[in-house]
Amino acid sequence: MIEDKILVLDFGSQYTQLIARRVRENNVYSEIFPFNASMQKIRDFGPKGIILSGSPSSVYAKGAPIPDMKIFELGIPILGICYGMQLMAHVLKGKVAKSLKREYGRAELIIDDDSDLFQGIGSSLVTRHSSLATVVWMSHGDRIEKFPAGFNSIAHTENSPIAAMSDKSRHFYALQFHPEVVHTEKGREIIKNFIFDICGCRPTWTMKSFIETEKERIRELVGNQRVVCGISGGVDSSVTAVLVHEAIGDALTCIFVDNGVLRQDEAKKVEQMLKKSFHMKIKYIDASERFLRKLKGVKDPERKRKIIGNEFIRVFEDEAMKIRNVTFLAQGTLYPDVIESTSFKGPSAMIKSHHNVGGLLKKMKLKLIEPLRELFKDEVRVLGHELGMPEETINRHPFPGPGLAIRCISDVTKERLEILRKADVIVLDEIKKAELYNKIWQVFAVLLPVKSVGVMGDERTYDNVIAVRAVTSVDGMTADWAQIPYDVLGRISNRIINEVKGVNRVVYDISSKPPSTIEWE
């Protein structure tokens with residue numbers, strides 16, 4: 001039972017997930033609820049503090065997200081961030097108005113009260129002001145013009161006379177800037193002050209404690225039934241399999257499905273790691289022809305995802321019927337999967353469905369076990385370390401559930417997949433030789449649906465184009481293109497064009513997320 005928890009209410013900010021991550025980095029458990037979560041649900045969660053996220057909305061806009069006002073009567077600390085601050089001012093009878101000048105990006109925060117929330121934050125050495133100051137990240141068009149009763153200003157900027165405010169008697173605090181983003185220099189410390197000094201939380205949530213709690217939950221849930229786990233060799237499914245196996249042992253059967261859109265030698269690597277190292281029961285199913293038939297002629301990426309997701313479940317259910325007493329399907333759904341796919345925990349826009357979420361059949365015969373559902377990718381890697389899994393598996397780059405089908409843009413055929421596989425092997429080989437693999441979040445090849453003119457052996461060619469995608473990231477929610485040295489890119493390009501028949505051009509993707517996504521489809 002986790003006692004010290006922080007609840008984040010999501011009003012639709014792109015940064016909401018970062019707030020929860022910043023709390024968890026301090027070994028305090030945090031979850032995200034939609035802004036309109038019921039008071040019963042909030043009370044049942046039992047938070048020691050609540051953080052109100054930002055939002056693209058204005059508090060005066062029609063249909064602006066407003067929570068149950070009883071949260072302000074719970075007697076626990078509340079921190080409002082950006083829209084969360086404006087919301088507090090608005091509903092607690094202050095005044096919010098449009099700023100004369102929109103404040104976006106870097107700003108110098110002048111601290112007027114360096115106790116509690118801002119304790120140890122400011123510095124007088126980096127500013128032209130005699131007061132304490134720090135650099136923060138702003139993103140707002142409204143500002144506070146009149147305090148709610150009981151509030152006072154604790155910081156300001158040149159554009160915002162009230163950049164932070166507090167009602168210390170009720171332990172209500174609000175910030176106009178975003179402490180959760182890396183651009184706010186002392187943002188982590190501000191959040192740390194809130195959760196420890198103001199909320200009185202203790203750092204009791206660790207991966208070790210998570211393992212024990214989750215194993216007990218899985219045992220109670222499963223009872224005398226049996227579980228199948230779909231594994232792909234990726235970090236998420238592998239960690240899921242090892243964790244569930246530790247909880248119920250041989251009551252777990254892992255099913256590895258060759259869906260025809262896997263990387264080269266994927267099945268062999270999976271078997272070696274899970275079967276030999278962890279002594280698990282693994283069934284290998286070659287369903288490649290079945291999947292490729294379903295994908296024939298399908299160009300739309302969402303249809304690809306749905307087809308592959310549905311076929312996976314059908315294959316699992318077909319195989320599960322051959323095992324007595326199977327009731328559950330374990331899979332490695334992560335927090336970002338859920339948040340990007342639905343408005344599961346707030347009114348955020350759907351970007352694309354994920355294999356682990358969007359592809360599930362509405363009338364599934366198996367019940368789901370998703371032990372990683374509330375974890376971010378970096379937390380899953382830490383979990384893998386705690387479970388004693390090999391570094392090669394833990395540090396493996398993310399690989400999408402729909403596999404190469406969404407990296408083979410447009411038609412998915414055996415011939416096109418073979419070209420992509422060979423190019424992908426070369427990309428990974430050169431990145432590892434250059435000792436860049438562990439410095440990059442994700443790197444892969446993409447087969448484009450275009451051909452280009454080339455010259456090879458004094459003859460004209462009209463062949464395929466391969467795009468190389470490499471990004472740096474912390475959690476996959478945002479990402480920047482990796483600045484791979486030119487000589488490494490040159491070797492990759494040279495090898496692909498010379499070694500992969502049917503390719504005469506290689507390009508490098510230099511877009512970030514947002515506005516792009518990491519995967520092309």
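Colleague: Where does Pro514 lie?
Modeller: Pro514 sits in the segment after E18. Helices (H or I, at least four residues) and strands (E, at least two) are DSSP runs, numbered from the N terminus. This is a predicted model, where local features need pLDDT of at least 70, side-chain atom pairs count only at pLDDT 80 or more, and totals for chains, interfaces and linings use all residues. Residues are numbered from 1 along each chain as its sequence is written, and side-chain values use heavy atoms, with hydrogens and water left out.

Colleague: Is the peptide bond from Lys513 to Pro514 cis or trans?
Modeller: Cis, with omega near -15°. The bond from Pro514 to Pro515 is cis too, with omega near 10°. Pro515 is also in the segment after E18.

Colleague: OK, on to the sheet. What's the strand order in the open sheet of 5 strands?
Modeller: The order is E12-E11-E10-E13-E14, and the pairing is parallel. Strands count as paired if DSSP finds at least two bridges between them.

Colleague: Which strands stand at the edges?
Modeller: Strand E12 (281-286) and strand E14 (367-369). Each has a single partner strand, so one side of each is left without a neighbour in the sheet. On average, neighbouring strands of this sheet are turned by 30° against each other, direction ignored. For angles, axes are lines fitted to C-alpha atoms, for helices over the stretch in contact, and values run from 0 to 180 degrees between N-to-C directions.

Colleague: How many bridges join E10 to E13?
Modeller: 4, with the two strands running parallel. Val228 stands opposite Leu329 in E13 there. E13 also pairs with E14 in parallel, over 3 bridges, and Phe328 faces Lys367 in E14.

Colleague: And how many bridges for E11 with E12?
Modeller: 6, again in the parallel sense, with E11 spanning residues 252-258. Ile255 stands opposite Lys283 in E12.

Colleague: Is E13 mostly covered or mostly open?
Modeller: Mostly covered: 5 of its 5 residues are buried. Buried means under 20% relative accessible area, exposed means over 50%, and partly exposed is in between (1.4 Å probe, protein chains only).

Colleague: Which strands does helix H9 lie across?
Modeller: H9 (residues 301-320) lies across strand E10 (226-231), E11, E12 and strand E13 (326-330). H9 runs at about 135° to E11.

Colleague: New topic: how many residues are in the largest nonpolar core?
Modeller: 71, and Leu52 and Leu383 have the most contacts inside it. Helix H6 (residues 235-248) gives the largest share of this core, 8 residues. A nonpolar core here is a set of buried Ala, Val, Leu, Ile, Met, Phe, Trp, Tyr and Cys residues joined through side-chain atoms within 4.5 Å.

Colleague: What does Leu383 touch?
Modeller: Not counting residues up to four places away in sequence, Leu383 touches Met207, Phe210, Ile211, Val239, Leu243, Leu372 and Leu375. Contact means heavy atoms within 4.5 Å. Apart from that core lies another one of 52 residues, including Leu366, Leu447, Ile466 and Ala470.

Colleague: Now H15. Which of its residues are buried?
Modeller: Val488, Leu489, Ile492 and Ile496. They cover an arc of only 100° around the axis, which puts them on the same side of H15; the arc is that of the directions from the helix axis to the C-beta atoms. On the other side of H15, Tyr486 and Asn498 are exposed.

Colleague: What covers the buried residues of H15?
Modeller: The cover includes helix H14 (414-433), strand E16 (459-472) and strand E18 (503-508). H15 itself (residues 486-499) has 14 residues and reaches 20 Å from its first C-alpha to its last, close to the 20 Å expected at 1.5 Å a residue. That expected span is 1.5 Å times one less than the number of residues.

Colleague: Where does His171 lie?
Modeller: In the loop between strand E8 (164-167) and strand E9 (172-175). His171 is partly exposed, with a relative accessible area of 36%.
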